[in-house]
Amino acid sequence: MAYCWGNNSIGQLGNGTTTNAKTPIKVAGGLTFGAVSAASLQYYACGLAVAGAAYCWGYNDYGQLGTGNLTNSTSPVAVTGNLTFTALTAGGGGQACGLVSGGAAYCWGYNGSGQLGSGANAYSSTPLLVSGGLSFATISAGETGTTCGVTTGGGAYCWGYNADGELGNGTTVNSGAPVAVSGGLTFRSISAGFASTCALTPAGAAWCWGDNTYGELGNGSTANSKTPVAVGGGLTFTAIGVGDAYACGLTTAGAAYCWGYNAEGQLGTGTTIRSSTPVAVSGGIALASISAGYSSACGVTRGGAAYCWGDNAFGQLG
């Protein structure tokens, strides 16, 4: 069962209402999900059912629910196309994407910056095949119209919005099709955020690129970079997540570190002081997974307990 909490103005909590919730409430429909992805800036979310069917709920102005229409829904509705997905991601740029067996990527929703990767259409309310014939192992839909994936061979590709170099290909030109991230690095996971992107190498080293106004690239500076730069601190990460002008990662021991913007406490340090290098999240809690949202972050322990920190204006800390 999926549970959601926080802002529910468009039904993005999926419980059949538009009432905000300060504590977890069950998503309607009785579906069993293996994963859920929330797109905070576009007020919708998507879930991957255990059998591989995709469902979305909430705001649907550009077809980001994937239902073939533009009708909002306060409870889960099935994504059309009869596709069986192995991974699913919902982005704040109005795009949702999924991977099918074999690694082909499909995206739907808004496409004003090319974030669907299909090379055409202003938007699509049904899944479109991402161009280029690439086989992806992971995919991440960002918050302002950037989408990125790592291929089965470890190559990083991004498409869509690129005003701050978040595609990582050395330019600031948008792309409606996947372009290779520069540097020749091999990655195993990737996370596209608001205006920056980060990825992890197979050895657990973190690299970031794009906007760096608040130190969200983690390399000790505030200079933007159109190509990957190494995150400082010499830490080895198992997971990474990028939000709005900040990022968080988990070490092999489960310790959480964050860097970048911190006005709402999203770095989890007990202060609102930003940092251009990773700083430890307070509390000493060992986490198994982590997710960085627009201005709040959450992690889950190995025992299944959830912890959140940062902005709580709508009860999103649960």
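Predicted model: local features only at pLDDT ≥ 70, side-chain atom pairs only at ≥ 80, totals over all residues.
Me: Next, the rings. How many aromatic pairs does the structure hold?
Reply: Eleven. Any such pair is described by the distance of the ring centres and the angle of the planes. Take Tyr62 and Tyr110: the centres are 4.4 Å apart and the planes sit at 45 degrees, so this pair is tilted.

Me: Why would you say that the pair of Tyr62 and Tyr110 ties parts together?
Reply: Look at where each ring comes from. Tyr62 belongs to the loop between β5 (54-58) and β6 (73-78), while Tyr110 is in strand β9 (residues 105-110), so the pair ties together parts that are 48 residues apart in sequence.

Me: Let me try another one. What is the geometry of the Phe187 and Trp209 pair?
Reply: Phe187 and Trp209 are 6.0 Å centre to centre with 45 degrees between the planes, and the pair is tilted. In sequence, Phe187 sits in the loop between β14 (175-180) and β15 (189-192), and Trp209 sits in strand β17 (residues 206-210), so here the linked parts are 22 residues apart.

Me: Are Phe187 and Trp209 buried or exposed?
Reply: Phe187 has a relative accessible area of 4%, so it is buried. Trp209 is at 0%, so it is buried as well.

Me: Rings can also join up in groups. Which residues do ring pairs link into a cluster?
Reply: Phe33, Tyr55 and Trp57 make up a cluster of that kind.

Me: On to the nonpolar cores. How many residues has the largest nonpolar core, and which have the most contacts inside it?
Reply: A core is found by joining buried nonpolar residues through their side-chain atoms. The largest one here has 15 residues, and those with the most contacts inside it are Tyr44, Cys46, Cys56, Phe85, Leu88 and Trp108. The elements that supply two or more residues to this core are β4 (44-49), β5, β7 (85-90), β8 (95-100) and β9. Apart from it there is another core, of 13 residues, including Leu250, Val281, Ala292 and Ala297.

Me: Now pockets. How much space lies in the second largest pocket, and what lines it?
Reply: The volume is about 170 Å³. The lining is made of Ala255, Ala256, Gly268, Val281, Ser282, Gly284, Ile285, Leu287, Tyr307, Cys308 and Trp309. Strand β25 (residues 306-310) gives the most to that lining, with three residues. Sorted by class, the lining has eight nonpolar, three polar and no charged residues.

Me: What about backbone angles? Which value does phi of Tyr43 take?
Reply: Phi of Tyr43 is near 55 degrees, which is positive in a residue other than glycine. Tyr43 is placed in the loop between β3 (33-39) and β4, and with 34% relative accessibility Tyr43 counts as partly exposed. Ala245 also has a positive phi, of about 65 degrees, and is not a glycine either. Ala245 lies in the loop between β19 (237-242) and β20 (246-251), and its relative accessible area of 8% makes Ala245 buried.

Me: Last, the overall build. How many helices and strands are there?
Reply: Zero helices and 25 strands. The radius of gyration is 18 Å, close to the 20 Å that the globule rule gives for 318 residues, so the protein is as compact as a globular protein of that length. The C-alpha trace spans about 45 × 40 × 30 Å along its principal axes, and buried residues account for 51% of the 318 residues.

How values were computed: Residues numbered from 1 in each chain as written. Heavy atoms only, no water. Phe/Tyr/Trp six-rings, centres within 6.5 Å; stacked < 30°, edge-to-face > 60°. Helix = DSSP H or I, 4+ residues; strand = E, 2+ residues; numbered from the N terminus. Buried < 20%, exposed > 50% of the residue type's maximum accessible area, 1.4 Å probe, protein only. 1 Å grid on protein atoms, 1.4 Å probe; cavity = no way out; pocket = protein on both sides within 12 Å on 5 of 7 lines; lining within 4 Å. Points joined across faces, edges and corners; volume = space filled by probe spheres on them. Nonpolar A, V, L, I, M, F, W, Y, C, P; charged D, E, K, R; others polar. Core = buried A, V, L, I, M, F, W, Y, C linked by side-chain atoms within 4.5 Å. Rg over C-alpha atoms; globule rule 2.2 N^0.38 Å.
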